[in-house]
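Got the sequence and the 3D view open?

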Amino acid sequence: MMRPGTKQYVVARPLYSEESFSEEHEKVYRHRKTITDHIRQYFRCNTKRAKTAALSLLPVIGWMKIYRINEWLLSDIVSGVSTGLVAVLQGLAYCLLASLPPWYGLFTAFFPVVTYFFLGTSRHISVGPFPVLCLMIGSIVTRLVPDEGSPANITGFENLTRDEQRVLVASSVTFTVGVMQLAMGILQVGFVVMYLSDTLVSGFTTAAAIHILVSQLKFVLGLTVPGISGPLTLEIIFNKITSSNVCDVVISLVIMVVVFIVKELNDRFKSKLPVPIPVEVIMVSSIVQHTPHKRSINTRRRVYEPPVAPNLPILQETAVEAFPMAIVGFAVAFSVAKVYSIKHDYTIDGNQELIAFGVSNIFGASFRSFVASTALSRSAVQESTGGKTQVAGLLSALIVMIVTLAIGFLLDPLPKSVLGAVVIINLKGMIMQAREIPYLWKRDKPDCAVWCVTCLASILLGLDLGLAVGLGVELICVVLRVQFPRCSVLANIKGTDIYKDRKDYVHIYEPEGVKIFRIPSPIFFANMDFFRNKLIEALGFIPLRVLRKRNKALRKIKKLLKKGDLQWTSKGFLNTSCGTINDSEDESNVEDLDQPTDFNDLPACIDWDAELPANIIIPRIEIHSLVLDFAAVSFLDISAVNGLKTLLKELIRVEVEVYIVACDPYVLEKLHHCCFFDDEVHPSMFFLTLHDAVLHILEKKKVSYIRNPANCIESLTSLSDFTTHTHTPSNVSMVTL
């Protein structure tokens with residue numbers, strides 16, 4: 001209860017071990033479902049499950065039922081038009097990264113958006129081309145169909161132009177990515193994206209931004225550079241930089257400066273602007289001329305083509321490269337969607353998002369689009385201009401369709417340098433992520449290492465291998481943190497039931513002969529030896545070595561008694577030999593040295609802390625009780641169970657009483673199932689809380705205290721010296737520290 005007018009509470013309750021608590025408080029019986037029960041329930045069908053399945057597969061039904069036409073429609077229209085204009089320019093620009101004809105970027109900004117409208121759970125992300133995926137597609141396209149030389153020997157390339165071959169490669173890879181995403185969604189493995197931390201994604205996208213920047217320099221400078229081999233392309237660009245087209249360079253610089261300034265103004269005054277200024281659209285409109293440019297994008301094909309089947313040899317050739325694209329595309333889209341779902345208070349489903357993007361990519365690939373995800377800048381436009389639902393996304397797709405079929409000819413003379421400048425200026429957000437390095441270095445060095453290694457590996461080895469390396473480093477960091485946790489020895493904060501690391505506080509008290517050890521990690525095969533070594537280090541002795549020395553001493557004493565060289569008296573052992581006893585050690589039956597000490601053939605038990613006869617020296621143990629704090633131990637595997645049992649037996653055999661506190665019920669249940677308990681290891685050693693175990697030891701041993709760091713011994717001769725007497729039930733312990 002709380003004391004009136006103070007921030008203190010008073011608790012009077014019995015001292016609980018796990019056994020006594022279970023006896024006094026009856027648990028609710030819960031039926032544990034078997035695998036068969038889960039399978040039967042999963043395939044069970046009724047009206048409610050059918051309705052739920054329909055709503056989960058078609059989320060559009062759920063949010064359309066609550067659509068507020070009067071409040072949301074106008075906002076969605078404004079957002080859709082604004083996003084559509086940006087999507088047109090980004091679709092054309094990002095095609096340069098994919099090494100495809102520009103109009104296929106418009107296909108990617110249309111077909112996947114229509115499918116996602118029905119299947120997606122996010123109401124705010126803008127589906128379409130994403131620069132990192134475009135770059136990954138471009139690397140595959142230029143590998144199979146290079147700018148110079150013959151294409152790869154793949155069935156189906158016959159009688160196709162170079163552009164048609166590249167489109168076939170891109171659509172086939174997109175189909176593979178879609179199948180992978182759909183399969184992961186059906187198998188309910190959307191959780192895999194959780195293994196891609198924000199730090200890893202940040203380092204990866206920063207490296208991708210550098211790749212994109214380098215790949216666009218050839219358009220900005222007006223140079224002809226074969227392929228897009230990442231930063232290595234810089235050597236070719238520097239060798240040809242004297243041949244740069246001055247007109248392209250000037251146009252690009254003007255666009256980047258103006259767009260940068262206006263975007264900064266949009267960010268600074270976004271609360272006052274009803275709609276962000278569409279600076280890219282304005283700049284492109286002002287630059288487009290009526291005379292063709294020698295490096296124009298040429299969007300004359302303005303019809304949608306009939307569906308095409310994927311090419312099976314290409315699927316087999318690119319399956320390995322398609323998997324990281326499937327993961328990256330989903331991870332980026334899900335991360336952005338999660339941000340907006342939290343901001344606008346609705347839920348998204350990771351598995352349904354996988355299904356939505358999988359179907360969208362499969363559908364889009366049939367109509368020659370390439371891999372779709374979401375671009376951060378485009379999604380920001382859709383949300384910041386007032387978009388409420390995916391109606392805005394559908395309207396943006398309508399704008400793209402109008403441009404594709406009706407007014408695309410107006411963009412025919414648009415120089416590629418303009419699109420390159422648009423791509424580069426939109427990389428600002430990703431490149432500025434490098435500012436996270438000092439923050440990560442100060443706050444979390446392993447995360448900083450993950451960021452740097454992922455970024456450098458993605459730059460030097462390529463995006464696919466870089467992602468694999470970054471994921472490997474991230475998993476290694478997680479394993480190392482769990483394998484080598486920060487174990488600590490705890491002490492009591494005087495006058496409380498609180499226990500903290502004794503290295504962190506001044507006014508602490510430790511019961512004499514009691515050691516409290518905490519491991520803040522699960523215990524499993526990889527860290528069991530580490531846990532054992534840290535515990536032995538905290539105890540100051542090796543239990544097995546002490547046990548063997550005691551058994552050797554016991555064997556020697558029994559032998560001397562049998563010979564008559566020793567005799568037992570009321571005052572202890574008496575040496576009856578005339579000379580010095582130098583008995584050689586008996587090394588027979590070494591395995592018996594690990595067994596419990598046997599005093600059956602002796603007249604009395606041996607006090608190992610007293611002086612022993614026959615010059616026998618045994619290490620003295622200053623600890624009589626060990627308390628293991630398992631509050632942070634979430635699981636034990638079989639190796640840990642066996643190793644823990646062996647360690648406890650060694651401690652018990654050297655007369656150290658072991659108590660385990662705050663053990664998770666499922667861990668305790670597993671110990672029972674694994675036959676952890678026997679004649680030496682008893683369930684009675686488990687206590688409900690750390691304070692319960694310490695109070696139990698105090699009552700049992702009536703020990704004194706050692707104060708750290710002054711090492712001042714407070715002799716407490718009786719339990720009444722540190723007992724508060726109040727009117728409490730007879731079975732309530734009121735021992736306080």
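Predicted model: local features only at pLDDT ≥ 70, side-chain atom pairs only at ≥ 80, totals over all residues.

Residues are numbered from 1 along each chain as its sequence is written, and side-chain values use heavy atoms, with hydrogens and water left out.

**A wrapped-up helix**

- Helices here are DSSP runs (H or I, at least four residues), numbered from the N terminus.
- Start with helix α18, residues 416-425: 9 of its 10 residues are buried, so the rest of the structure largely encloses it.
- Buried means under 20% relative accessible area, exposed means over 50%, and partly exposed is in between (1.4 Å probe, protein chains only).
- Among the buried residues of α18 are S417, G420 and I425.
- What do the buried residues of α18 pack against? They meet α5 (69-98), α10 (198-220), α12 (246-268), α13 (279-287) and α19 (428-431), where contact means heavy atoms within 4.5 Å.

**Nonpolar cores**

- A nonpolar core is a set of buried Ala, Val, Leu, Ile, Met, Phe, Trp, Tyr and Cys residues joined through side-chain atoms within 4.5 Å.
- The largest one has 104 residues, and those with the most contacts inside it include L100, I255 and M325.
- Helix α14 (residues 312-344) gives the most to this core, with 14 residues.
- Leaving out residues up to four places away in sequence, M325 touches L133, M136, I137, I140, V173, V177 and V371.
- There's also a second, separate core of 38 residues, with I519, V546, L547 and L668 among them.

**Salt bridges**

- A salt bridge is a side-chain nitrogen of Lys or Arg within 4 Å of a carboxyl oxygen of Asp or Glu, and a search of the whole structure turns up 18 of them.
- E321 and R143 pair up at 2.5 Å, N to O. This pair links distant parts of the chain, with E321 in helix α14 and R143 in helix α8 (residues 131-144), 178 residues apart.
- E321 counts as buried at 19% relative accessibility, whereas R143 is partly exposed at 38%.
- E264 bridges to K428, with the closest N and O atoms 2.3 Å apart. Here helix α12 holds E264 and helix α19 holds K428, 164 residues apart.
- Salt bridges that share partners join R143, E317 and E321 into one network.

Terms used:
Helix = DSSP H or I, 4+ residues; strand = E, 2+ residues; numbered from the N terminus.
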